[in-house]
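Reader: Can we go through this one together? I would like to start with the strands.

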Amino acid sequence: MKLLHLYHDIMNLYGDYANVLAVQRILENSGEEVTVERLSLGDDATLSDYDFIFIGSGTERNQKVVLEDFKKYREQLAGYIASDKPLLMTGNSFEMLGNTITDGDGTAFDGLKLYDFTVTEQRGKRSTADVIASCDFLDKPLVGFINKSSMITGVRNPLCTVTFGIGNNDAGQTEGIADRHFYGTHITGPVLQKNPHFLLYIAGLILGRKPADDCLLYEQKGYDNTLKKLSERIK
């Protein structure tokens, strides 16, 4: 099995590299031989060669640098998503797939325009919160932390509904984006380490069968404790 960690060295905030390590560990514990390729600016990849692709969070400046390079993958990315292979983009990386990103100074940057949403960064302000959010395809809620400068409008197919914390914008409680097996979220933690049920779900998509779950004892205890503590703050 081949995993791709794209822009691993520039979209690398919040320890999000651990999402790839978590997927690799689950697949190997399920009996698979796994290769992880780490590519960045100026590299060229054939996306269809991979069983799973991950892109993590970056600074607002690095996001704009990556955006220009990322555009070369537009058609490949559309085909990859249509093929139902799993793609996870965390933090502001998934914002690049929309129509435009307008920075805090009012400068607009064209996105890949794969989805009809727009991103507006807040000047001198960040939105931060612990989060609990429910997804239709998961039997347990997601937990984690959001730290972003952006407000996103026009997402037609959100990943989840926030029951505690913040969403894509101040006007609603939906968060992230989902399409087939593409999942984009601002929830960090890293999100797959913090949410072992989401990790198992992603691994199951890659494998086409139920993955091994006997190596997730500590992750499960951490999740249970986090959900308990955050739920107490809702009361």
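Reader: What is the bridge partner of His5 in β3?
Author: In β3, His5 has Phe54 as its bridge partner. This is a predicted model: local features need pLDDT of at least 70 and side-chain atom pairs count only at pLDDT 80 or more, while totals for chains, interfaces and linings use all residues. Residues are numbered from 1 along each chain as its sequence is written, and side-chain values use heavy atoms, with hydrogens and water left out.

Reader: In which sense do strand β1 and β3 pair?
Author: Parallel, over three bridges, with β1 covering residues 2–6. Strands are DSSP runs of E with at least two residues, helices are runs of H or I with at least four, and both are numbered from the N terminus. Two strands pair if DSSP finds at least two bridges between them.

Reader: And how many bridges join β3 to β4?
Author: Three, and β3 and β4 run parallel. Phe54 stands opposite Leu88 in β4.

Reader: Which way do the side chains of strand β3 point?
Author: Phe52 and Phe54 point one way, Ile53 and Ile55 the other way, and all are buried. Buried means under 20% relative accessible area, exposed means over 50%, and partly exposed is in between, with a 1.4 Å probe and protein chains only.

Reader: Why do side chains alternate?
Author: Because in a regular strand they alternate between the two faces of the sheet.

Reader: What does β4 join by four bridges?
Author: β14, and β4 and β14 run parallel. Leu87 has Phe182 as its bridge partner in β14. Strand β13 (residues 177–179) also pairs with β14, in the antiparallel sense over three bridges. In the hairpin of β13 and β14, with two residues between the strands, Arg180 takes a positive phi near 55 degrees.

Reader: New topic. How many aromatic pairs does a search of the whole structure find?
Author: Nine. One of them is Tyr183 with Phe198, an edge-to-face pair at 5.9 Å centre to centre and 85 degrees between the planes. Rings of Phe, Tyr and Trp (its six-membered ring) pair if their centres lie within 6.5 Å; planes under 30 degrees apart count as stacked, over 60 as edge-to-face and the rest as tilted.

Reader: Where do Tyr183 and Phe198 sit?
Author: Tyr183 is in strand β14 (residues 182–185) and Phe198 in helix α5 (residues 196–207), 15 residues apart, so the pair links distant parts of the chain. Tyr183 and Phe198 are both buried. Together with Phe137 and Tyr201 they form one aromatic cluster.

Reader: What sits over the ring of Tyr50?
Author: The charged end of Lys2, 4.9 Å from the ring centre. A charge counts as over a ring if NZ of Lys or CZ of Arg is within 6 Å of the ring centre and within 35 degrees of the ring normal. Lys64 lies over the face of Phe109, at 5.8 Å from the ring centre.

Reader: Last one: is Asn92 buried or exposed?
Author: Asn92 is buried, with a relative accessible area of 7%. Asn92 lies in the loop between β4 (87–90) and β5 (100–102).

Reader: And what does Asn92 touch?
Author: Not counting residues up to four places away in sequence, Asn92 touches Met11, Ser57, Gly58, Thr59, Glu60, Gln63 and His186. Contact means heavy atoms within 4.5 Å.
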